[in-house]
Amino acid sequence: MIKNSNGITLVAVIVTIIVMLILVSVTISITTNDNIISKTNDAKFKTEVSKILEQWNMDKAKLEMKDVSYKDMNYDLKDALKNYKVTDEFDKKLKINKGEMVYLRDNCSKQEKDIFESMQIYSLY
């Protein structure tokens, strides 16, 4: 006897549904706020801020060694860190006020403010 099958089996339908559910769950996880892309962007932002903060701390130490007071200094970031390439993004968000690095609240998102404060960089006002 020859068996003729012209339809799809129940197993094929179930496998297809499982694959579709996996794809949907991956898509949903990527489009939510708590995903790999936003975490990567946060890490990149933190790394750049850490580099800028470290450069400023090194420059402060150099000034202290020369007995120059940095506590009265008020600078834009690009003026303070001439040897370090500060992007416009950070120049608009960070300043040197009375020798300390501060962020400008109006130019930062809530997420950036949280990152700055976790790194002990506080608001100017």
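**Aromatic rings and a helix contact**

A: In this predicted model, Phe-45, Phe-90, Tyr-103 and Phe-116 are linked into a cluster by ring pairs.

Q: How many aromatic pairs does the count come to?
A: The count comes to three aromatic pairs. Among them is the pair of Phe-45 and Phe-116, which is tilted, with 5.5 Å from centre to centre and 55° between the planes.

Q: Where in the chain do those two sit?
A: Phe-45 lies in helix H2 and Phe-116 in helix H5, so that the pair links distant parts of the chain, 71 residues apart.

Q: Is Phe-45 buried or exposed?
A: Phe-45 is buried, because its relative accessible area is 9% and the cut-off for buried is under 20%. Phe-116 also counts as buried, at 0% relative accessibility.

Q: And what about Tyr-103 and Phe-116?
A: Their ring centres are 5.3 Å apart and their planes are at 25°, so this pair is stacked, the limit for stacked being under 30 degrees. Tyr-103 belongs to strand E3 (residues 100-103), while Phe-116 is in helix H5, 13 residues apart.

Q: Changing topic, how do the axes of H2 and H5 cross?
A: The axes of helix H2 (residues 36-65) and helix H5 (residues 110-118) come within 11 Å and cross at roughly 45°, which means that H2 is oblique to H5.

Q: Which residues make the contact?
A: On H2 they are Asp-42, Phe-45, Lys-46 and Val-49, and on H5 they are Gln-111, Glu-112, Ile-115 and Phe-116. Four of these contact residues are nonpolar, one is polar and three are charged.

Notes
Residues numbered from 1 in each chain as written. Predicted model: local features only at pLDDT ≥ 70, side-chain atom pairs only at ≥ 80, totals over all residues. Heavy atoms only, no water. Axes fitted to C-alpha atoms, helices over the stretch in contact; angles between N-to-C directions. Helix = DSSP H or I, 4+ residues; strand = E, 2+ residues; numbered from the N terminus. Parallel < 35°, antiparallel > 145°, perpendicular 65-115°, else oblique. Contact = heavy atoms within 4.5 Å. Nonpolar A, V, L, I, M, F, W, Y, C, P; charged D, E, K, R; others polar. Phe/Tyr/Trp six-rings, centres within 6.5 Å; stacked < 30°, edge-to-face > 60°. Buried < 20%, exposed > 50% of the residue type's maximum accessible area, 1.4 Å probe, protein only.
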